[in-house]
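Hi everyone, thanks for making time. I'd like to walk you through a structure, so please have a look at it while I talk.

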Amino acid sequence: MTGADASRVRVAVVEDDREMRELLRDALGRQGYTVTAVGGGAAASELVGAGTADAVILDVWLPDANGVELCRGWRQSGVRIPILMLTARTDVASRVAGLDAGADDYLGKPFALAELRARLGALLRRGGRPLRGEVFRRGSVAVDFGRRQAWVGGEEVAVTRRELEVLERLAEARGHAVSRDELLQDVWGESSRETAASLEVMVARLRRKLERPGGCAIVRTVRGYGYAIAGGEEG
């Protein structure tokens, strides 16, 4: 993302460590972003609730809140902006917990500023990509990619931008299998152990949100290869 593009993007940095908070604010400000840095969950929720952030960099450990639960609550209330979660814990269980709560990406501390800027830029570039206008339908499930909304049995289900991107990529394949590497490159921009774990979480979340007992399957696993829309052509 260029400086000119970044200047129109409002980033909320939620980090309790003052030194780290100021470092991120200054580094992203030099990149051209409009940055608001806060040290607690209450202030972060006020920013997000007011619609004054286009993306959030969210620390897990805050003095008045747990970042994972904050993220989960925002997603449940319909917030769909990109959320990049930061934590000193980089074990798989912690990463899965953050992603399962609705985070779009996950970065362990310590990290290089260049990597954080790259991850944020990638989230925003993909977030700005126009989603196709058609509505995906299967059984009682309907997903409008243009409106970024999903329904099961007529009831709206909260879906994140990245979940939509994964489902959109599979829907574009018209039932053909899409390899894991293709999905990772197309949605995350890189294929690594971390992004592969994130993909598994996203697929599990889509199934949990869109599939119902006795209803149509939405995503099928192609063992040893990748994923496809269930019930479509073989890849």
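I'll go through the core, then a pair of helices, then a strand.

Keep in mind that this is a predicted model. As a general point, nonpolar side chains in soluble globular proteins tend to be buried together. Here, the largest nonpolar core has 30 residues, and those touching the most other members include Phe136, Val166, Leu167 and Leu210. Several elements give two or more residues to it, among them β7, α7, α9 and β12. Which one gives the largest share? That's α9, with 6 residues. There's also another core lying apart from this one, with 22 residues, including Trp74 and Ile83.

Now zoom in on Leu167. Not counting residues up to four places away in sequence, Leu167 touches Phe136, Val143, Phe145, Leu206, Leu210, Ile218, Val219 and Ile229.

Next, the helices. How do α7 and α9 cross? Their axes come within 10 Å, at roughly 90°. An angle from 65 to 115 degrees counts as roughly perpendicular, so that's what we call these two, α7 and α9. On the α7 side, the contact uses Arg162, Glu163, Val166 and Leu167. By class, the α7–α9 contact has 7 nonpolar, no polar and 4 charged residues.

Last stop, β12. Both of its faces are covered: Gly226 and Ala228 are buried on one side, Tyr227 and Ile229 on the other. β12 runs antiparallel to β10, with 2 bridges, and pairs antiparallel with β11 over 4 bridges. Finally, β11 and β12 form a hairpin with 3 residues between them, and Gly224 in the turn has a positive phi of about 75°.

Conventions:
Residues numbered from 1 in each chain as written. Predicted model: local features only at pLDDT ≥ 70, side-chain atom pairs only at ≥ 80, totals over all residues. Heavy atoms only, no water. Core = buried A, V, L, I, M, F, W, Y, C linked by side-chain atoms within 4.5 Å. Buried < 20%, exposed > 50% of the residue type's maximum accessible area, 1.4 Å probe, protein only. Contact = heavy atoms within 4.5 Å. Axes fitted to C-alpha atoms, helices over the stretch in contact; angles between N-to-C directions. Parallel < 35°, antiparallel > 145°, perpendicular 65-115°, else oblique. Nonpolar A, V, L, I, M, F, W, Y, C, P; charged D, E, K, R; others polar. Pairing = 2+ DSSP bridges.
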